[in-house]
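Please keep the sequence and the structure in view while reading.

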Amino acid sequence: MSIKPKLVGVALAAAIAVPGLAQADDMKSGMNDLEIAHTAYTAGNLDIRYAHLALGLSENPKVREFAQTMVRDHSAVNEEAVALITKLKVTPQDNDLSRALVKGAKQKRDELRKLNGKAFDCAYAENEFGYHQVVNKTVETKFIPNTTVPQLKSLLQNALATFKVHEKHAEHMVAGLKCDM
Amino acid sequence: MPRLSRINRAGVLMGICTIFLATLPVVAGILPVTSEQGTGTVHRVEIRQFTFVPKTITIHAGDSVEWVNLDIAPHTATAVRTSAAGSPDWNTGRLDQAQRRRITFSEVGHADYLCLYHPVMKGSVIVVPDDGNAP
């Protein structure tokens, strides 16, 4: 399925709105495993927070269903991540990319809270599509290749499979909302 | 209101039981009869990478299908067909990673199903008569 031009624009807008992820392209020094783990966990948690916002503000059944899936799936992935770092007896490291993601997500949540009805639904859905596109690209092209711990690499690969399904689901959600109309 | 004698009460009770037993096959014919326990063969469907593997499975009537979730994300295997009340004919419920649930299929037929959480995930159970040959 080809992505319609508007959805490409959504993805680009999300990349701009999430400056931290744009910085991932400049990972000349490279993030270490603990930083990658921290950022991947942070990205998942931020999507859970977006989902809770949607469950609080949206009355659209499809949007709510998507949000519930985000809570369910990202919670499961993050629980797996916690189990792994506990087993490995390591502490994920905060870093500039994580901080940039947190800052960008707060700005986005503040924008979303001002909306309601279809305006909120469309803004949430488009953000989810763009966010997953950008995060997935970062995980696939930056995090996984730069991870050295095999268990973390495996977890990221499994998580990426989940997030790619989310991206498709978000794309369908955006299309179904007919936000241009 | 006159009270029924003991003999009459027994007769009324017998009548009620007869009516109930007579209608039971009709009710069973409308609703798919499934349960979580069976004595037939258990067939395994793995849920991995957001796919039911195999996507279509053919079993004998009386056999069971056991879904096991190998993904991190939770899934369900839920019948597409619903009863008049709107609930699915059968449903594994939520399966977290490594969890499994078994459903026995007693009636011949074709049952499509999906994951309630990820509706792109679809599968089918084809139930054939038990003629002694492999399904």
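In chain A, 84% of the contacts with a separation of 6 or more are between residues 24 or more positions apart, where contact means heavy atoms within 4.5 Å. The model is predicted, so local features need pLDDT of at least 70 and side-chain atom pairs count only at pLDDT 80 or more, while totals for chains, interfaces and linings use all residues. Residues are numbered from 1 along each chain as its sequence is written, chains are lettered from A and ligands numbered from 1 in the order in which they are written, and side-chain values use heavy atoms, with hydrogens and water left out.

The secondary structure of chain A consists of seven helices and zero strands; helices (H or I, at least four residues) and strands (E, at least two) are DSSP runs, numbered from the N terminus. Read from that terminus, the order of elements is α-α-α-α-α-α-α. Chain A has 181 residues, of which 49% count as buried. Buried denotes a relative accessible area under 20%, exposed over 50%, and partly exposed the range in between, with a 1.4 Å probe and protein chains only.

One residue illustrates a link across the sequence of this chain. T148(A) is located in the loop between α6 (117-146) and α7 of chain A, and it is exposed because its relative accessible area is 59%. From T148(A) to D33(A) the separation is 115 residues in sequence, yet 6.6 Å in space, C-alpha to C-alpha. Their side chains make a polar contact at 2.3 Å. A polar contact is a pair of N or O atoms within 3.5 Å; within protein, one must be able to donate a hydrogen and the other to accept it, and residues adjacent in sequence count only if both atoms are side-chain atoms.

The next subject is the interface. The size of an interface is often given as the accessible area lost when the parts come together. Chain A and chain B bury about 1,100 Å² between them, 66% of it on carbon and sulfur atoms; this buried area is the accessible area (1.4 Å probe) that two parts lose on being put together, summed over both. On the side of chain A that touches chain B, α4 (61-88) and α7 (150-177) each supply at least two residues. The most comes from α4(A), with seven residues. By class, this side of chain A divides into five nonpolar, four polar and four charged residues. In total, 13 residues of chain A are in contact with ten residues of chain B. Two residue pairs between the chains are in polar contact, both at pLDDT 80 or more.

Aromatic rings form the last topic. Rings of Phe, Tyr and Trp (its six-membered ring) pair if their centres lie within 6.5 Å; planes under 30 degrees apart count as stacked, over 60 as edge-to-face and the rest as tilted. Over all chains, the count is nine aromatic pairs. F52(B) and Y113(B) are edge-to-face, because their ring centres are 4.7 Å apart and their planes are at 65°. F52(B) lies in strand β3 (residues 51-53) and Y113(B) in strand β8 (residues 109-114) of chain B, 61 residues apart. F52(B) is buried, with a relative accessible area of 2%, and Y113(B) is buried at 1%. W67(B) and W90(B), by contrast, are stacked, because their centres are 5.3 Å apart and their planes are at 25°. Ring pairs link F52(B), W67(B), W90(B), F105(B) and Y113(B) into a cluster.

Key:
Ala, Val, Leu, Ile, Met, Phe, Trp, Tyr, Cys and Pro count as nonpolar, Asp, Glu, Lys and Arg as charged, and the others, Gly among them, as polar.
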